[in-house]
Amino acid sequence: MVVEPPPCRWVLPDPLAADEDGIVGIGADLAPGTLVAAYRRGLFPMHLDADARVLGWWSPDPRGVLPLDRLHVSRTLARSCRRFTTTVDTDFAGVIDACAAPRQGGGHWINPALRAAYVALHELGWAHSVEVHDDAGTLVGGLYGVAVGGLFAGESMFHRATDASKVAVVGVVERLRDDGRDGRDRLFDVQWCTPHLATLGVVEVPAAEYQRRLTVARDLALPPAFR
């Protein structure tokens, strides 16, 4: 069940006023109400310093999104999807901790403050994890993000087996496509388009276009898997 948190006490910045790095503002906090209001507005947080004292709010232009009708599943990835099993919200802590583990190009930005904030958001029903397990039931990949209506804002992913993070992405798309008509207008936000994500069909859209799609998506019903 999704629990509405106390309202945000901050005036959040204009998501279309980002600098060249995608930063639109600095400050505020990571309270659940702040995070929910930020995602509804098209913003996401990351600290700007190693000591987690300066909190930045981001709205990249262009924005990376995965159109649900453009997911590309190669033959190799299709075999991996059959080999692994995906679940939702069975091990949120395990997924976010794996995403935060030091690795090449990894999620070193997921500091204790951010971890605590997203765990709290998960407990309120807003943040979700998709887990990927092998035949032995071992967690070998996954991702986590925030669901607001028909928006799924992906935050980070990891893999311990080939293709496991891609299988998690496929798992999100399948769940966003579920439930008939609304699936056409739901929005899978991945923040930035990387070469890794581009192989799955991720594209870049202007920030203004992202805002237009967000306005539609956030008012839709949650996909059944994230309710």
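Trainee: What covers the buried residues of helix α3?

Mentor: Two terms first: buried means under 20% relative accessible area, exposed over 50%, and partly exposed in between, using a 1.4 Å probe and protein chains only. Helices (H or I, at least four residues) and strands (E, at least two) are DSSP runs, numbered from the N terminus. Here, the cover over α3's buried residues includes α4 (112–123), β6 (127–133), β7 (139–148) and β8 (151–159). This is a predicted model, where local features need pLDDT of at least 70 and side-chain atom pairs count only at pLDDT 80 or more, while totals for chains, interfaces and linings use all residues. Residues are numbered from 1 along each chain as its sequence is written, and side-chain values use heavy atoms, with hydrogens and water left out.

Trainee: Which residues of α3 are buried?

Mentor: Look along residues 92–100: Phe-92, Gly-94, Val-95, Ile-96, Ala-98 and Cys-99 are buried there.

Trainee: Back to β8, then. How many of its residues are buried?

Mentor: Eight of its nine, so β8 is largely enclosed by the rest of the structure.

Trainee: How do I read its pairing with β7?

Mentor: Count bridges: two strands pair if DSSP finds at least two between them. β7 and β8 have eight, in the antiparallel sense, and Ala-147 sits opposite Phe-152 in β8. The two strands make a hairpin with two residues between them, and Gly-149 in that turn has a positive phi of about 60°.

Trainee: Does β8 run parallel or antiparallel to β9?

Mentor: Parallel, with three bridges joining them. Find Ala-153 and you'll see Asp-189 of β9 opposite.

Trainee: What is the strand order in the open sheet of three strands?

Mentor: Read across it as β1-β3-β2, with antiparallel pairing. β1 (23–26) and β2 (44–47) are at the edges with a single partner strand each, so one side of each has no neighbour in the sheet. β1 is joined to β3 (residues 55–58) by three bridges; look for Gly-25 opposite Trp-57 of β3.

Trainee: Let's end on a single residue. Is Ser-165 buried or exposed?

Mentor: Buried: its relative accessibility is 4%. You'll find Ser-165 in helix α5 (residues 164–177).

Trainee: And which residues is Ser-165 in contact with?

Mentor: Contact means heavy atoms within 4.5 Å. Leave aside the neighbours within four places in sequence, and Ser-165 is in contact with Met-157, Phe-158, His-159 and His-196.
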